[in-house]
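Have a look at the model first, then read on.

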Amino acid sequence: MGTAAFASAKPTKRTLRKFLNPHALVLLLSVCTAEGLYLLSMYEAFARVSPVYVTAIKRGGGLLFSAFASAIFFNESLTGRYLPIAAIVSGVVALCL
């Protein structure tokens, strides 16, 4: 739905000019580079290991990273979240054994 909305919006030169701002351009290129490295490493992992393991590690690692990143960057409390985090980590480790 988002793609259809963007395609029907027909961006103008004025709206696209916002991306030529050096700060926005650096951020955009950084995100594209990070996404490219992420996809290349995931494809390499799929080639070397069973996709079941890669998917489990990706999902469990993402949850673990987001929990700790929220505590570090947004000062959110992890109180009451230690047991679910431990369950996710132990589940991913159990799948990989």
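Contact here means heavy atoms within 4.5 Å of each other. Keep in mind that this is a predicted model.

1. Start with α4, which covers residues 51–73 and has 23 residues. From first C-alpha to last, α4 reaches 31 Å, close to the 33 Å expected at 1.5 Å a residue.

2. Which residues of α4 are buried? They are Val 54, Ala 56, Gly 60, Ala 67, Ala 69, Ser 70 and Ala 71. The cover over these buried residues includes α3 and α5 (82–96).

3. Take a look at what follows α4, too: just after the helix, Asn 75 has a positive phi of about 55°.

4. On to the charges. Side chains of opposite charge can pair when their charged atoms come close. With a cut-off of 4 Å between a Lys or Arg side-chain nitrogen and an Asp or Glu carboxyl oxygen, the count is 2 salt bridges.

5. One of them joins Glu 44 to Arg 48, with N to O at 2.5 Å. Both sit in helix α3 (residues 22–48), and because they are 4 residues apart there, about one helical turn separates them. Glu 44 is partly exposed at 38% relative accessibility, while Arg 48 is exposed at 67%.

6. Glu 76 and Arg 81 also form a salt bridge, and their closest N and O atoms are 3.5 Å apart. How accessible is Glu 76? Glu 76 is partly exposed, at 37% relative accessibility. Arg 81 counts as partly exposed as well, at 36%.

Definitions and conventions. Residues are numbered from 1 along each chain as its sequence is written. This is a predicted model: local features need pLDDT of at least 70, side-chain atom pairs count only at pLDDT 80 or more; totals for chains, interfaces and linings use all residues. Side-chain values use heavy atoms; hydrogens and water are left out. Helices (H or I, at least four residues) and strands (E, at least two) are DSSP runs, numbered from the N terminus. Buried means under 20% relative accessible area, exposed over 50%, partly exposed in between (1.4 Å probe, protein chains only). The expected span of a helix is 1.5 Å times one less than its number of residues.
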